[in-house]
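Below is a walk through one protein model and the ligand placed in it. The text starts at the ligand and then turns to other parts of the chain.

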Amino acid sequence: MARIVVVTSGKGGVGKTTTSAALGTGLARAGHRTVVVDFDVGLRNLDLIMGCERRVVYDFVNVINQEATLNQAMIKDKRVDGLYILAASQTRDKDALTDEGVARVMEELARDFDYIVCDSPAGIERGAMMAMYHADEAIVVTNPEVSSVRDSDRVLGILSSKSRRAEEGREPVREHLLLTRYSPERVKQGDMLSVEDVREILGIDLLGVIPESKAVLNASNAGVPVILEEDTDAGQAYQDAVARFLGEDRPHRFLEAQKKGLFGRLFGS
Amino acid sequence: MNLLGYFRSQRKRSAKVAKERLQILVARERAGAHTGGPDYLPALQEELLDVIRKYVEVDRDAVQIQLEKEGDYDILELNITLPDSHR
Ligand SMILES: Nc1ncnc2c1ncn2[C@@H]1O[C@H](COP(=O)(O)OP(=O)(O)OP(=O)(O)O)[C@@H](O)[C@H]1O
Ligand SMILES: [Mg+2]
C-alpha cells in the first residue's frame, strides 16, 4: 500500500516544488516506485523543475475528467528508474479538482506505487486542501521567517483537523519540519530565526535543514532536481533529508556559519 | 565582533523579537482554534494579562479562560494564578 506524502507550507515561494522534486527523485533512487503529483492547478511548475515540460500531453485534470488514463498522463522520468510525474493542468477552473476525482486518482496510484508525493499549491484554498486531505505524512516546508512559521502552524492545525485521517479518526498524519533557505551566517548575527527557534515554536520533528544556496536556482534553470547535483550543499542536504525520511539516522549538516577572512570579519555584515 | 556588529548589538536582535512575537501569536491562534468560543477570547486573555502585569510579573499561562454552557447561559470562568511571593 502506498504512502501518500504532502509537501505543504501555507506560504508561497518557500520551496515546496523544489522539495517535491528532490524528495520524489530521492525516493525513487532508493528503489521505491514514486509518483510526484502537481496540485498547483493553473500554475504548473513541477514539470519545469523536473525538466520534463516538453513531454506533458495530458495532465491531472484530464485524468479526473476521464479524458485520459493515468498511464497516458504520467510522464516517466528519463534519469531515474521508477520515477513518474503527473503534471497539473493550466486551467483556471478552481473546481477542476473534484473530491471524487482526486480520491479516485489517489486510489488508482496507490495500487501501483510505493510513494505518492503531492506538491501543494500555496495558500489554504481548495487545491491545498485537496493535496493535504489524503496524506499519510506531511512535509511542512518552512523558511526561518515570521510569516512562513505562522502559516506552517496554521497548516499543522488543518492537517490535524481536516485531513482524511482526522475525519476518519485514524492515527494522525505524521508531520515533518523541513527548514529551507537557511542562512547560518544570519542566524549567527541574530537576524534570522534559528533551527531551534522554529522547532520549538512549531513543536514537530525536524526532517532536515536546507541551506540558502545558489545551487537551487542553477538546478532549476537546467531542469534538474537539485538532489541530483551531488556536489552541492543543497543537494547533499536534500539527500540527508530523504535518508532520514526513510528511517536512517544522519547528523544535520550546514548549520554552522563558514569562517570568514580578515576582510569579512572587519566589514562583513 | 566587527564594527558593524558592534553597532547592531545596541538594539535588540531581530530574531529574538521575531521568536517572542511568534510564540505569543501561535499560542493565541491555537487556543482560538480549539476552544470554539467567541473570537474575542484570545484578545481578552491578552489584555487581562497586560493589566495584571502592571502590578505583578506573571507567566503567559497565569490567565486561564474557560467557557462553559449551562442551559441558556454561557459561563466565563477566569482563573488567575499569582506567583508564590504574592500569596
Ligand atoms: N534552498 C534554497 N536556496 C535558494 N533558493 C531557493 C531555495 N529553495 C527554493 N529556492 C528558490 O525559491 C523560489 C521558490 O521555490 P519553489 O518554487 O520551490 O517554492 P514553492 O513553495 O513551490 O512556491 P509556490 O508557493 O509558488 O508553489 C525559487 O526561485 C527557488 O529557486
Ligand atoms: Mg510550487
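**The ligand and its surroundings**

An oxygen atom of ligand 1 lies 2.8 Å from a polar backbone atom of A:Thr17. The model is predicted, and the distances given here are computed from it. Two side chains also approach the ligand with polar atoms. That of A:Lys16 has a polar atom 2.8 Å from an oxygen atom of ligand 1, and that of A:Thr18 has one 2.6 Å from an oxygen atom of ligand 1. On its own, ligand 1 has 640 Å² of accessible area, and the protein covers 78% of this. The space that ligand 1 takes up is the largest pocket.

Which residues around ligand 1 are the closest? They are A:Gly13, A:Lys16, A:Thr17, A:Thr18 and A:Ser213, out of 15 residues that surround the ligand. By type, the shell consists of five nonpolar, six polar and four charged residues. Helix H1 of chain A, residues 16–29, and strand S8 of chain A, residues 205–211, each contribute at least two residues to this shell. The largest contribution comes from H1(A), which supplies three residues.

Helix H11 of chain A covers residues 214–222, and at its start a side-chain oxygen of A:Ser213 comes within 3.0 Å of the backbone nitrogen of A:Ala215. After H11(A) comes A:Gly223, which has a positive phi, near 70°.

Another part of the chain to look at is the loop that holds A:Arg44. This loop runs between strand S2 (34–38) and helix H2 (46–49) of chain A. The side chain of A:Arg44 makes a polar contact of 3.2 Å with the side chain of A:Asp47. Leaving aside residues up to four places away in sequence, A:Arg44 touches A:Asp38, A:Val56, A:Asp59, A:Ala87, A:Ala88, A:Ser89 and A:Gln90.

Technical notes:
Residues numbered from 1 in each chain as written. Chains lettered and ligands numbered in written order. Predicted model: local features only at pLDDT ≥ 70, side-chain atom pairs only at ≥ 80, totals over all residues. Heavy atoms only, no water. Near = heavy atom within 4 Å. Polar contact = N/O pair within 3.5 Å; in protein donor to acceptor, adjacent residues only side chain to side chain. Areas by Shrake-Rupley, 256 points an atom, 1.4 Å probe, with all protein chains shown as cover. 1 Å grid on protein atoms, 1.4 Å probe; cavity = no way out; pocket = protein on both sides within 12 Å on 5 of 7 lines; lining within 4 Å. Sits in = over half its atoms within 2 Å of the grid points. Helix = DSSP H or I, 4+ residues; strand = E, 2+ residues; numbered from the N terminus. Nonpolar A, V, L, I, M, F, W, Y, C, P; charged D, E, K, R; others polar. Contact = heavy atoms within 4.5 Å.
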